[in-house]
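Please look at the fold below with the notes that follow in hand.

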Amino acid sequence: MKAAEAQAQVSDYWTRRAPAFDGAASHVAQASLWRDVLAAAFETEDAKDVVDLGTGTGACALIAASLGHRVRACDGSEGMLAAARKAAEASGLDVTFEQALIEEATFAPASADIVTLRNVLWTLPDPMAALRKAQLILRPSGLVLVSDGLWSVAAQYRSTYPDGLAASLPRHDGLTEDETRTMLSEAGFGPARSWQHLFPASPYPGDVPMFVLTARKG
């Protein structure tokens, strides 16, 4: 399956899931914990320009906006973006959303201080392209934050992608912290720092190995 076809199918899949997605999402059930962890990981008290790539229903985007940052976000799924816009409006948060695949988003080069990718690399045909996009968008010494997990260990977190689509996604089983550290290095970022220890317990039932990593643009 070609990457463009896979990405289109992924976007359609998440649009169908969007209406019920936040009902079981960790960032909703444990919103204050995620807010505390991201606030620490951003390592700043000042308002920054934040871009959330593959925002889904807006988990990182809404948290960043609630912390006072200037936030833009993109996603290829029209349905997920509709949920994100509704959540932002309900919370009175100002986030600029763009419906676009990560590689096609129109964020200008060197226009962000922080770029976030949460639970998105596993569902991309080319995860490294997303990290290269983050490199492009960030200003010098800007911060990328990646959070993901090894979803294959817990059945409730497995996607129900068709077999052909799942087989076309190189990280469909999920990512480990070590694998992601290597990917960040290969994308040109500096040493990664972990933050998941700030959660008192895993934010996901089923003992899913998860991580929150940050790294600076070299």
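1. In what order do the seven strands of the open sheet lie? The order is β3-β2-β1-β4-β5-β7-β6, and the pairing is mixed; strands here are DSSP runs of E of at least two residues and helices are runs of H or I of at least four, both numbered from the N terminus, while two strands pair if DSSP finds at least two bridges between them. Because β3 (95-99) and β6 (193-194) each have a single partner strand, they stand at the edges, with one side of each left without a neighbour in the sheet.

2. This is a predicted model, in which local features need pLDDT of at least 70, side-chain atom pairs count only at pLDDT 80 or more, and totals for chains, interfaces and linings use all residues. Residues are numbered from 1 along each chain as its sequence is written, and side-chain values use heavy atoms, with hydrogens and water left out.

3. The axes of α6 (residues 127-137) and α8 come within 9 Å and cross at roughly 55°; axes are lines fitted to C-alpha atoms, for helices over the stretch in contact, and angles run from 0 to 180 degrees between N-to-C directions. The contact is made by P127, M128 and L131 of α6 with M183, L184 and E186 of α8.

Technical notes
Contact means heavy atoms within 4.5 Å.
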